[in-house]
Structure formats: C-alpha cells, structure tokens
Amino acid sequence: MEHTLTSRAPVADLPRPEKNYLNATTGIWSWMTTVDHKRIGVMYLVGVLSAFFIGGVFALLVRLSLLSPTHTLFGKQWITAEMYNRLFTLHGAVMVFLFIIPSVPASLANFVLPLMLGAKDVAFPRLNLASFYLWVIGAVMAVTSMITGAVDTGWTFYTPYSTTTEGSVTLMIMAVFVLGFSSIFTGINFVATTHKLRAPGMGWFDLPLFIWGIYATAIIQVLATPVLGITLALLAMERVFNIGIFDPKIGGDPVLFQHFFWFYSHPAVYIMILPGMAIISELIPTFSKKTMFGYRAVAYSSVSLALLSFIVWGHHMFVAGQSQLATVVFSALTFLVAIPSGVKMFNWLGTMYKGNISLETPMCYAISFLLLFAIGGLTGIFLGALSVDIHLTDTYFVVAHFHYVMMGGTVIAFFGGVHYWWPKITGRMYNENWGRFACALIFIGFNVTFLTQFVMGSLGMPRRYFNYLPIYHPYHVVSTIGSWIIGLGFATMAAYLLASLRKPMDAPDNPWGGTTLEWTTSSPPTEHNFEDQPVLQKAPYDYRPEPVAK
Amino acid sequence: MEWLRSAMLPPQGSAFAGEVDTLYMALFWLSVVLFIGIAFPAIYFAWRYRFKPGRVTPHQTHNTMLEIIWTVIPLLLCVGIFFWGLDGWMKYAVAPGESMQIQISAKKWIWQFEYPDGTRTANEIHVLINKPVQFVMTSEDVLHDFFVPDMRVKHDIVPGRYTQVWFTPTVHGEHHVTCAEYCGKGHSDMQAKLFVDTREEFDKFMLTGGTEWEDYKMKPADWGKIQYERKGCKTCHSIDGSKTAQGGPSWKGIWGKMEEMNDGKQVLVDEAYVRESMLQPQAKIVKGYEPIMPTFQGLLRETEIQGLMAFIKSLGNDPNGGPPAPTVLTLPPPPAKPGTAAAPGQTAPATQPK
C-alpha cells in the first residue's frame with residue numbers, strides 16, 4: 001500500500017556500514033574538536049533550531065500581548081510597553097541573526113554541499129569549525145545581553161534611538177558583529193569548495209541547483225557582511241566613546257546609518273531567501289520525478305538575484321529622508337527583482353507539469369512554499385510602487401510581507417529541506433502522516449496569522465505598536481489565534497522528529513529517488529562521505545529510464 | 001467594489017488618497033490573477049500528475065520561447081507599475097506654492113505644531129478644508145514619522161534635518177495622526193488629532209491662538225509671559241529693570257508711570273498707551289530711546305495683547321501711580337475642543353486620544 005501512495009523506494013536491507021560519521025568516534029570531545037562538515041552541520045542544526053525555538057517563543061509572546069488592547073490576561077495586565085519593545089526586538093534579532101541567516105547555509109548546506117559535490121569535506125574544515133564556535137560565542141553574547149538589560153531598539157538598531165537608549169545594546173551589537181564573521185567564514189568555505197572540490201566530470205552546469213543557490217548566497221555573505229560589521233563597529237564606538245557618526249546631536253547623520261545598515265541587510269534578505277529557493281529547486285524535480293525545467297534559467301536567476309540584491313537597498317528608505325532621485329531609481333531597480341523570482345516560479349511549475357508527483361512531507365513544504373512565496377512576492381510589488389508604498393511602509397503590511405517571504409519562503413523551505421535530508425542526516429525515517437499533518441497546520445496557521453496583518457496594515461496600523469486603536473482589535477485576535485496554530489504545528493513536528501531518533505536506523509540510502517550525489521552514499525554517510533571518489537555519471541535530475549543494464 | 005476598498009483601506013481624506021487607492025486596488029486584482037495563475041497549476045499538477053508507480057516522465061529540459069515569454073511579460077508589467085507609482089510619487093513629493101505651512105517639531109512622545117503666525121499647539125492641528133497644507137518637520141531627539149492614514153501620506157522626521165510632507169484635505173472633520181517610526185516606550189501613544197476645518201472654524205481657532213489658551217485664559221499674566229518670550233519682546237525689553245543690548249525700556253515697574261516723551265509730553269503708561277506702542281510703536285517715543293521698534297500689527301492677537309498687558313502689570317507698577325486694574329481675558333470664546341494641550345516650553349504627557 002505504501003508504494004501506491006508514495007514514491008519511496010523500498011527499504012533496502014543493504015548491509016549498512018558499521019561505522020558512520022555519527023559513531024566513528026565517540027565522546028563529547030570528539031564532537032567539540034571535529035572538523036567533519038557533517039558533524040559541524042549537525043551541531044549548527046541543533047543550534048539554529050534552538051534559536052528558532054527561542055525566537056518562536058518571543059513571537060508567541062508578542063502575539064499574545066496584542067490579543068487584548070489592554071494587554072490583560074485573566075483580568076490582569078501582564079506586560080508593559082517596555083517589555084513589549086524588548087520582546088519584538090529579541091524576536092527579530094534572534095530570528096534574523098541567530099536563526100535564519102545561518103539556517104540553511106550553515107546547517108543543511110554544510111552537511112549536504114560537500115556530499116553533493118562528491119567531496120570529502122569543505123575546502124577549509126578548520127575554518128568551518130571556527131565559524132561554528134563564532135556562532136556559539138555570538139549566541140552566548142546575545143543571550144547575555146538579553147539577561148542583562150536586553151535591547152529595545154528593534155532588530156534594525158536605528159540611530160539615534162539605539163545610541164541613546166538604555167539596556168545592553170552594545171553587547172547585542174557586538175554579538176551580531178561576531179555572528180557576522182561566522183557567516184563570512186561559511187561563505188568563504190562554500191565559494192572555495194564549489195570552485196575546487198567538484199567531483200571529476202562535474203562541470204558548472206552539472207551542479208545541483210542547490211549548489212548554485214548556496215554559491216550565490218556565499219558570494220553575498222562574503223561581500224556584504226563586512227559592511228554590517230563596519231556599521232555595527234561604528235555604532236558601538238558612538239555608544240561607548242561618543243564619536244559622532246550617526247547622532248546629529250554630536251555631528252552625525254541618522255540617515256547614513258540606514259544606508260549602511262540596509263547596504264548589508266538588503267543583500268541579507270537574499271542570504272535568507274536564496275538558500276530557500278535552492279532547496280525548493282531540489283525538492284520539486286525529485287518529488288516530480290522529472291528533470292528540472294529550465295535548469296540554466298534557474299541557475300542564472302540565482303546569480304542575478306545575488307547581484308541585484310546589492311543595488312536595491314534604498315527601497316527600505318522611500319520615506320526616510322533620502323534624496324528623491326535616489327528613491328525613484330531604487331524603486332525602478334527594485335522591480336527588476338521580480339523578474340528572476342518569477343522565472344524561478346514558472347520553471348518550478350514547468351517542472352511539475354507532466355511529472356509523477358508524490359506528496360511526501362518535503363513536497364508538501366515545497367508546494368506550501370510556492371503558494372506562500374507567491375503572496376510574499378506579489379505583495380512586494382505593492383511596496384515597490386512608490387505612491388502605494390508611502391501609505392503602506394512602516395505598517396503591518398510590511399510585517400506581513402516580509403513574514404511571507406522569510407517564513408513562508410525561507411523557513412518553510414528550510415523545514416522542507418530538514419525533512420528531505422533527515423534520513424540522510426540521522427539515518428532514520430520520520431512518520432510521514434504526522435509530517436504532512438504538521439505541514440498543513442503550519443500552512444493554515446501561517447495564513448491565518450499573516451493574511452489578517454495585510455488588511456490591518458492597509459488600514460493604517462503601524463508596526464511596533466504596543467497600544468492600538470479599537471478598530472484593529474478583531475484582526476489582532478485572529479492573528480494571535482493563527483500564531484497558536486503555527487505553534488501547534490511546530491510542536492507536532494518537534495515531537496515526531498525527536499520520536500524518530502528513538503528508532504533504530506531504518507532509512508534507505510536514497511529514500512526519495514534523488515539524483516544528486518549525496519544519495520549515492522549510505523544513510524548516514526561514512527566518516528569520509530564516500531567509499532571511493534564518486535565520478536559524475538549523468539547530470540542531476542535526469543529521470544530518463546536507465547538503459548537496461550545492471 | 002467600493003465595499004472591498006473600504007474593507008482594506010481607511011477613509012479617503014485627500015485627493016491623493018484616491019490616487020493611491022486606485023493603484024492599490026489595481027495591484028490587488030493583478031495579484032489575485034497572478035496568484036491564481038501560480039496556485040492553480042501548482043495544485044492542479046499535484047493532483048493531475050499524482051504519483052503512479054512506473055509512470056515515465058518526459059525529459060523536458062527547457063523551452064526558450066517560454067522562458068522569453070515569462071521574462072518579458074512580467075518585465076513590461078513591472079515597468080508599467082513603476083511609472084504608475086512614480087506618477088503618484090511626483091505629486092506627493094512637490095508641495096504647491098500656495099500651501100499653508102505648518103512646522104512640526106516632534107519629540108518623545110509629543111507632537112508640536114507651529115503655525116506661521118507663531119501659534120503653537122500640541123497633539124492637535126487644525127487645517128483648512130480644500131487648502132493645500134505643507135508640514136515642515138524636524139525632531140528634537142530620535143526618529144519619528146508623521147503618518148496620516150486618511151490622507152495616505154507618511155514621512156520620517158529626522159533630527160538634524162528638515163523633511164516635508166503635504167496634502168490637500170478634502171473631508172471635513174477629525175482625522176488621525178500617528179507616529180510610524182519606532183521611537184521607544186511611548187511610540188504607540190504618540191498620537192495627534194487632525195481637524196479639517198471650514199474657514200469659519202479655522203478662523204475661530206486662529207483667533208484664540210490654539211488650545212493652550214484654554215489653559216491660560218484664567219491666568220492672563222502667564223499667557224502674556226509666553227507671548228513675551230515667543231513673540232520676540234524679550235530681545236529688547238528686560239523684565240528686571242536692566243537695559244538690553246538692543247536697548248528698549250525695561251518693563252519692570254513701568255505700569256502706571258508717567259513717562260516723558262521725546263517731544264516733551266507726559267504720558268501715562270496704561271492700557272491705551274501700551275496697546276498703541278505695540279501696534280504703532282512710532283507714535284510716541286520715550287525720551288532717550290531710538291524709534292527702532294517694529295510694529296506688531298497683525299502678529300499679535302487681542303488675547304495675546306491682553307496677556308502681555310497683564311504680564312507687564314504683574315511686573316510691578318510705579319509707586320506714584322494707582323494700583324493697576326486687574327485684567328480679565330474676555331475676547332473671543334475659544335471653540336470647544338476635545339483633548340488637552342501642553343504649555344509651550346514644558347513637556348506635557350502625551351495625551352491619549354482614545
């Protein structure tokens with residue numbers, strides 16, 4: 001019966017290699033000093049999922065505090081404006097800097113990229129470990145900052161508020177500074193690995209599209225993140241030494257900070273979304289059992305998105321006081337982003353056409369991504385159009401838009417990838433029905449939460465508001481209920497994924513019929529990935545029947 | 001489709017709002033069509049081509065014609081939308097020359113408005129219906145943002161520079177002003193009321209000099225002290241008997257005094273004389289002073305003149321004269337207004353107009 005519903009290959013009773021990367025060496029020290037990209041990827045995965053949990057709890061608290069206009073629960077006011085400001089700041093900062101930026105590249109890509117290339121490891125294994133330790137140090141600094149006074153600046157650290165407010169802002173800024181280097185190290189590693197460690201016979205256009213996406217991401221990480229580092233260092237100097245750079249009271253310019261900040265943070269949006277798109281480009285051909293439609297168009301669109309990401313930062317500042325000519329130019333350039341994004345969408349649909357589509361959990365996430373990212377992209381057009389943006393910017397419309405892109409896009413794709421590679425990483429299958437159920441819960445909850453926010457924002461509800469006018473109350477109630485459905489979905493996911501770890505290893509080497517090299521090794525892979533150096537036999541996503549031989 | 005527009009967008013309070021809404025609704029319908037264009041195939045294909053064991057899929061690698069089509073059509077759409085948005089932006093960016101100008105000085109967490117004649121209000125503005133109004137804005141501390149949803153305008157307020165925003169209000173009555181750039185603890189309480197007045201209502205408001213008058217009409221001398229500082233009197237007239245650099249007579253102890261004019265006449269400093277000195281300062285010049293004072297005709301309201309007189313009286317009178325008669329501010333009754341206001345020069349708590 002299983003086989004009539006799904007494409008899953010029968011569970012092979014292949015002799016499993018006794019030693020794999022998980023049990024080749026033992027003890028905590030062997031993990032802490034490992035230079036194995038797979039172990040580092042797993043440690044990153046644990047790290048970013050913990051960050052996602054913390055950020056998610058903050059998100060649920062933010063929504064909860066907006067449930068009632070008087071912020072009361074059971075007849076008592078339980079939260080103040082100061083606490084609320086800290087909550088949404090920490091939600092944003094944790095989700096952006098600790099979770100979503102490292103999510104796909106540092107965890108999944110770290111694990112998968114060398115396998116896909118047929119390599120033993122990344123080009124610089126020690127740098128890879130250093131990147132993880134920097135992430136840990138950054139995370140510890142961020143958590144310390146939360147405990148010792150926290151931050152109420154918003155994750156954007158806009159000056160002069162951020163240079164004058166109380167709290168341990170400097171520590172948080174330095175945490176993000178350190179996390180930036182962790183991101184740069186990962187980027188350097190992936191660029192070098194993709195260039196130098198491809199398997200024999202693997203040309204650039206034989207690369208899985210996941211690699212194209214991650215490669216484009218890595219370029220942004222290396223080129224854009226230093227600007228964030230410099231900006232935050234200047235901000236810290238202004239806070240600590242009172243050097244006038246951004247605060248007009250001491251001779252600075254707050255708009256300059258916004259330029260600097262978005263010069264990184266707009267490309268950072270593509271650090272977040274490109275890996276998500278990269279995962280979708282794996283899931284759709286694999287679960288459609290059909291070759292990727294328009295491979296080169298999708299590959300080029302990843303690179304062009306990476307390049308465009310550097311010249312559209314001013315669209316965050318249409319009403320912030322930048323020159324009006326700049327505003328017009330940035331609006332025009334912003335519309336260009338729609339083109340490669342659209343090309344990807346259409347090619348994914350083209351791949352599904354006449355496919356042999358099995359709706360296993362990763363594919364459910366892929367289809368969720370298509371629908372949610374479509375809404376995220378289309379609402380971006382509202383914000384790119386100048387006259388409409390004047391009304392919508394800084395409202396809940398923007399909040400909903402970027403959640404559709406970041407959560408509906410990247411987070412959904414990330415969990416699609418987690419489910420896709422879970423058998424490879426852990427050697428275990430999870431419960432497919434619970435997987436689909438959790439995906440449906442998250443999809444429904446997400447739309448309930450954020451579709452209402454589009455309406456609220458259009459009606460004029462500004463973002464980062466603790467108190468709101470009574471007319472917005474019904475929308476806040478619906479949105480908060482939606483957040484509970486999302487929370488339930490993720491709780492379900494955590495339960496069945498953890499439950500799968502208690503089983504003996506049961507995953508076949510290639511449960512989904514994937515065509516890329518990571519599926520040719522055992523699940524979980526051995527310590528050095530492959531028994532022998534793999535050689536590329538045919539291009540990825542080639543689902544033509546094998547010429548009968550064996 | 002008006003019901004749909006009004007379900008998603010606030011009431012339209014300006015001509016500009018109509019333009020924004022037209023584009024918004026056009027984009028809404030375009031998005032609905034495009035979303036169906038993506039969602040329908042995604043769901044239909046997943047069902048139509050659902051998994052069947054052994055089915056062989058065609059090896060379609062690409063189709064150049066299709067790629068060109070779905071690159072060029074979105075590009076053309078985007079160019080069109082860009083110019084449509086730009087068209088609205090040009091109107092938003094350039095204020096008409098005949099606009100009434102109102103200065104905004106924002107600070108945590110209060111809106112301060114100042115009219116060309118010096119009238120200042122807090123968290124409350126009155127503008128004339130169908131008359132373009134331009135706001136020239138700056139902040140005293142952190143970033144703020146002047147957002148009037150009904151007018152569809154918004155602009156950041158940046159410390160250390162001036163930004164501007166304008167609109168032509170077309171709907172009489174009360175509208176909502178809200179801060180849209182995060183500014184800390186009181187961010188969401190930083191609200192103001194915008195009243196779009198008829199000429200009559202507006203004149204009444206201007207006559208009484210803003211809501212501050214409500215607070216000060218019972219204390220004319222305090223009201224006058226504000227005018228003394230705000231209208232520039234203090235540049236030339238001290239209130240402690242000293243002589244300022246500009247060299248006008250000090251106001252201390254001047255009330256009820258017989259002053260000798262430069263033509264030798266003796267004049268009693270009383271209401272008539274003080275009023276004349278403000279509005280026609282060249283009429284009588286006190287002996288020993290230059291005729292340099294500019295006229296304040298048109299710059300001072302009746303209430304302000306009376307306040308100034310009360311303030312001068314409060315500074316003590318000439319021991320040889322009689323006691324000054326108490327002043328009561330009687331001129332035009334202020335229109336009843338909701339909300340409260342802050343005294344200038346002191347921080348008032350942001351009012352909550354809920």
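Predicted model: local features only at pLDDT ≥ 70, side-chain atom pairs only at ≥ 80, totals over all residues.
The secondary structure of chain B consists of eight helices and 12 strands. Counting contacts in chain B between residues at least 6 apart in sequence, 67% join residues at least 24 apart.

Chain B also touches chain A. Chain A puts 77 residues into this contact, and chain B puts in 70 residues. On the side of chain A that touches chain B, helix 11 (residues 324-352) gives the most, with 13 residues. By residue type, that side of chain A holds 45 nonpolar, 23 polar and nine charged residues.

| Helix of chain A | Length | Span | Expected span |
|---|---|---|---|
| Helix 7 (residues 169-196) | 28 residues | 41 Å | 40 Å |
| Helix 11 | 29 residues | 44 Å | 42 Å |

The span of helix 7 is close to the expected value, and the span of helix 11 is likewise close to its own.

How many of the 28 residues of helix 7 of chain A are buried? The number is 20, so helix 7 is largely enclosed by the rest of the structure.

After helix 11 of chain A comes Lys354(A), which has a positive phi, near 60 degrees.

Terms used:
Residues numbered from 1 in each chain as written. Chains lettered and ligands numbered in written order. Contact = placed C-beta atoms within 7 Å. Helix = DSSP H or I, 4+ residues; strand = E, 2+ residues; numbered from the N terminus. Nonpolar A, V, L, I, M, F, W, Y, C, P; charged D, E, K, R; others polar. Expected span 1.5 Å × (residues − 1). Buried ≥ 20, exposed ≤ 12 C-beta atoms within 10 Å, placed from the backbone.
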